[in-house]
Amino acid sequence: MPRPCRTPGCQEAAHGYSLFCENHKKTTRRHGAPTQQGVTVHELKPYVALVEARKAKNSDSEAWAILTARWEAVLGHAQGVLQRHAEGRAGFRWERLAAHHLVTIGRDVEPWSVVRTALAMYLMQDQRPTRFASDAAFDHQLVRRVRGLTDTNAGAYWDHQEKRSKRVYRDIPPRVIQAMAQPLKSAFGAPGLTLAAKEREDIDKANEERRRLAAALEGLA
């Protein structure tokens with residue numbers, strides 16, 4: 001008897017030895033969880049704007065230079081992995097592929113674009129936690145949005161129904177995604193959470209001000 005897919009609400013049979021049906025198995029591989037949907041550029045845009053606003057408000061802070069240096073360190077490590085492979089040293093294939101993708105991003109994208117995208121993902125996670133089905137799903141979306149900064153990682157096809165060209169991202173194996181996510185999280189995770197806390201403080205202050213204003217207006221004669 002076929003085993004049911006473990007995704008809640010799915011009536012399809014599990015595919016092979018997987019816990020999920022073929023469709024949810026593909027989604028898990030691509031996005032990190034069977035119910036996770038990809039974060040789009042449009043969705044992330046408001047959080048990128050928050051990062052830019054915070055930077056503009058604190059333009060003299062050395063935080064931005066330190067964050068850029070962290071990305072440069074990620075690239076330096078990735079370049080080292082590729083150099084060791086070129087010299088014939090042993091290593092894991094997924095680490096080499098992850099290093100290749102990171103170096104490609106570093107070659108094609110301005111450092112600040114990477115930094116602000118990673119920080120924006122943490123703001124989004126803080127303000128919309130239910131948008132991510134799991135930690136693994138967040139990791140996949142973090143890598144997806146950083147990879148999406150360069151056209152090298154995307155292809156295009158013609159949608160005959162909508163009569164226009166559409167971009168599609170070339171999938172990479174989950175192990176490679178995790179190998180890319182780890183240095184990004186190490187570099188930007190704590191700063192991202194700190195910025196998220198600052199945003200919450202500002203929201204709380206604004207809400208308190210509105211509450212006090214409403215109370216004051218109610219007390220007018």
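Q: Quick one on α3 and α4: is their crossing left-handed or right-handed?
A: Left-handed, where α3 passes α4. Keep in mind that this is a predicted model.

Q: Which residues do those two helices cover?
A: Helix α3 spans residues 63-86, and helix α4 spans residues 93-108.

Q: At what angle do their axes cross, and within what distance do they come?
A: The axes cross at roughly 130 degrees and come within 8 Å. Angles over 145 would count as roughly antiparallel, and 65 to 115 as roughly perpendicular. So α3 and α4 are oblique to each other.

Q: Which residues meet there?
A: On the α3 side, W71, V74, L75, A78, Q79, V81, L82 and H85. On the α4 side, E95, R96, A99, H100, L102, V103, I105 and G106.

Q: Let's step back. How many helices and strands are in the protein chain?
A: Seven helices and two strands.

Q: What order do they run in from the N terminus?
A: α-α-α-α-α-α-β-β-α.

Q: What box do the C-alpha atoms fill?
A: Roughly 75 × 50 × 35 Å, taken along the principal axes.

Q: Now α5 and α7. At what angle do they pack?
A: About 55 degrees, with the axes 8 Å apart. Here α5 is residues 111-127, and α7 is residues 174-218.

Q: Which residues make the contact?
A: From α5: V115, A118, L119, Y122, L123, D126 and Q127. From α7: K185, F188, G189, P191, G192, L193, L195, A196, E199, R200 and I203.

Q: While we're on α7, where does L213 lie, and which patch is it part of?
A: L213 lies in helix α7. With L217 and L220, L213 forms a nonpolar patch on the surface.

Q: How much accessible area does that patch have?
A: About 320 Å² for L213, L217 and L220 together.

Q: Switching to charges. How many salt bridges?
A: Twelve, counting a Lys or Arg side-chain nitrogen within 4 Å of an Asp or Glu carboxyl oxygen.

Q: What does E22 pair with?
A: K26. Their side chains meet in a salt bridge, 3.8 Å from N to O.

Q: Where do E22 and K26 sit, and how far apart are they along the helix?
A: Both are in helix α1, residues 22-31. They are four residues apart, so about one helical turn separates them.

Note on methods:
Residues numbered from 1 in each chain as written. Predicted model: local features only at pLDDT ≥ 70, side-chain atom pairs only at ≥ 80, totals over all residues. Heavy atoms only, no water. Patch = residues over 30% accessible without salt bridge, like charges linked within 9 Å, V, L, I, M, F, W, Y side chains within 5 Å. Areas by Shrake-Rupley, 256 points an atom, 1.4 Å probe, with all protein chains shown as cover. Axes fitted to C-alpha atoms, helices over the stretch in contact; angles between N-to-C directions. Contact = heavy atoms within 4.5 Å. Parallel < 35°, antiparallel > 145°, perpendicular 65-115°, else oblique. Left-handed = near helix turned anticlockwise from the far one by under 90°.
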